[in-house]
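Here are some friendly notes to read with the structure open beside you. Each numbered point takes up one topic.

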Amino acid sequence: MAPQLIVFGVLAAAFALFVHGRWRYDVVALLALLAVTGVVPGAEAFSGFGHPAVVIVASVLVVTRGLFNSGVVDVIARGMTRVGERPVLQVGAITGLVTAISGFVSSVAAAAILVPVALRMARGHGAPPSRLLMPLAFGSLLGATITLIGSAPNVIIATFRAQTAGAPFRMFDYTPVGAGLAVAGVLFISLIGWRLIPVRKGQASRQELFRIEDYMTEVRVPEDSKLAGKPLRDLEGATDADVVVVGLVRGQRRTPAPSSFETLQADDIVIVQASSEALQALVDATGVELVGSEELGEEVLGSDDVGLAETVVMPAARMEGQTARSLSLRWRYGINLLAVARQGARLKARLDRLRFRAGDVLLLQGGTETLQEALTDLGCLPLAERGLRVGQPRRILLAVGIAGAALAASGTGLLPVQIAFAGAAVLMVLAGLLNLREAYESSDWSIIVLLGA
């Protein structure tokens with residue numbers, strides 16, 4: 001009786017820690033595993049990491065990253081902009097799409113790759129983001145019931161059946177029940193469910209959600225600028241765009257809210273508040289230099305080789321609590337911090353010394369080849385992208401072909417699911433759809449630890 005009490009006690013403690021949320025779920029899972037080591041023989045303590053479910057989930061995450069890199073998501077995003085402005089159509093489209101995708105990739109990955117699409121749709125139509133994000137979450141769970149690889153529990157049950165009955169569930173054995181459940185769920189969410197989502201104050205638009213119009217950035221007055229010797233008001237009135245000067249840095253002296261009659265000098269750094277579009281207009285009209293882009297010369301806001309990304313810092317991201325200087329954004333990642341927006345707070349520190357917080361919206365600039373990889377490594381979720389990745393038909397067909405072959409091989413019973421998708425993951429790397437670093441990073445080890453434990 002004692003071993004059972006220990007196991008249930010550890011499970012209860014683990015559940016309490018999951019709910020409390022102070023420690024990450026993967027850390028809690030490992031602690032629970034160590035706590036029952038006396039009950040579970042030491043030689044078998046880590047046998048769970050060899051379970052087929054772990055291999056399948058890791059392989060599916062790698063395959064999903066290959067599909068993402070190929071440009072499939074960009075094609076989807078462009079298609080979703082044509083669904084119209086009616087909420088029923090928008091909710092139905094995003095819910096149906098994530099439901100279909102999550103049947104063939106990890107439900108977590110399906111939701112993650114479509115969050116930027118949902119945010120773009122909401123921002124484009126001035127809709128509350130929750131109207132699309134919550135149906136997106138439910139749709140990913142519905143889709144997980146359609147196929148064997150939709151969720152880890154499906155794989156675990158199939159493996160258990162193989163051990164007890166001699167034959168596992170195959171890829172589409174779940175489909176007759178799961179597809180019916182998914183269709184009913186999508187119809188309910190699209191027609192009725194979204195109307196039950198509470199609309200909270202501050203969710204009416206993208207501006208109220210992220211305050212992206214409140215970017216804070218720094219511009220430098222070049223030595224040959226026509227603004228040198230002119231009053232500060234000439235810079236503010238140089239364009240019709242809404243640009244607000246909130247500070248002036250001259251040498252070691254910083255002046256908050258300077259007078260509009262203050263005379264500008266060469267090498268002055270002016271701290272301004274503006275949208276990304278207003279920043280572009282200001283640079284074009286005055287010739288000032290964005291401090292964050294100084295190492296890219298004339299490529300100020302974007303070109304064929306240089307792209308922009310509006311991103312939000314996610315909770316527990318690598319960036320949280322760090323600064324652009326401590327992260328060595330330029331040296332290590334080859335990206336520049338152009339501007340920062342922080343909801344409801346005036347930024348006082350210089351951009352390179354500002355400590356990032358979860359929820360900060362950043363305007364980043366970098367090479368189109370490396371920017372997406374850097375965002376993934378730093379833990380940033382892209383809200384809007386310009387020129388990051390252009391889907392090439394050949395790469396898209398190759399990625400879809402590899403994923404489709406894995407589905408066909410496992411669905412017909414030609415290969416076990418774990419072998420089919422592990423092979424697909426290797427082919428994705430060999431085909432150049434992602435590199436080894438991306439493959440290892442896309443295998444979310446927090447999920448792997450949780451499954452193995």
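1. A word on burial first: buried means under 20% relative accessible area, exposed means over 50%, and partly exposed is in between, with a 1.4 Å probe and protein chains only. By that scale Asp267 is partly exposed, because its relative accessible area is 44%. This is a predicted model, in which local features need pLDDT of at least 70 and side-chain atom pairs count only at pLDDT 80 or more, while totals for chains, interfaces and linings use all residues. Residues are numbered from 1 along each chain as its sequence is written, and side-chain values use heavy atoms, with hydrogens and water left out.

2. Asp267 also has a backbone feature to look at: its phi is near 75°, a positive value in a residue other than glycine. You will find Asp267 in the loop between β3 (253–256) and β4 (269–274). Strands here are DSSP runs of E with at least two residues, helices are runs of H or I with at least four, and both are numbered from the N terminus.

3. Ser328 is not a glycine either, yet has a positive phi of about 50°. Its loop sits between α13 (324–327) and α14 (329–333). With a relative accessible area of 28%, Ser328 is partly exposed.

4. How do α7 and α9 run relative to each other? The axes of α7 (residues 130–143) and α9 come within 9 Å and cross at roughly 170°; axes are lines fitted to C-alpha atoms over the stretch in contact, and angles run from 0 to 180 degrees between N-to-C directions. The two helices are therefore roughly antiparallel, a label for angles over 145 degrees. On the α7 side, Pro135, Phe138 and Leu142 meet Leu181, Ala182, Gly185, Val186 and Ile189 of α9, where contact means heavy atoms within 4.5 Å.

5. Phe188 lies in α9 (residues 175–191) and counts as partly exposed at 45% relative accessibility.

6. Finally, the whole chain. There are 19 helices and nine strands, and 47% of the 453 residues count as buried.

Key: Parallel < 35°, antiparallel > 145°, perpendicular 65-115°, else oblique.
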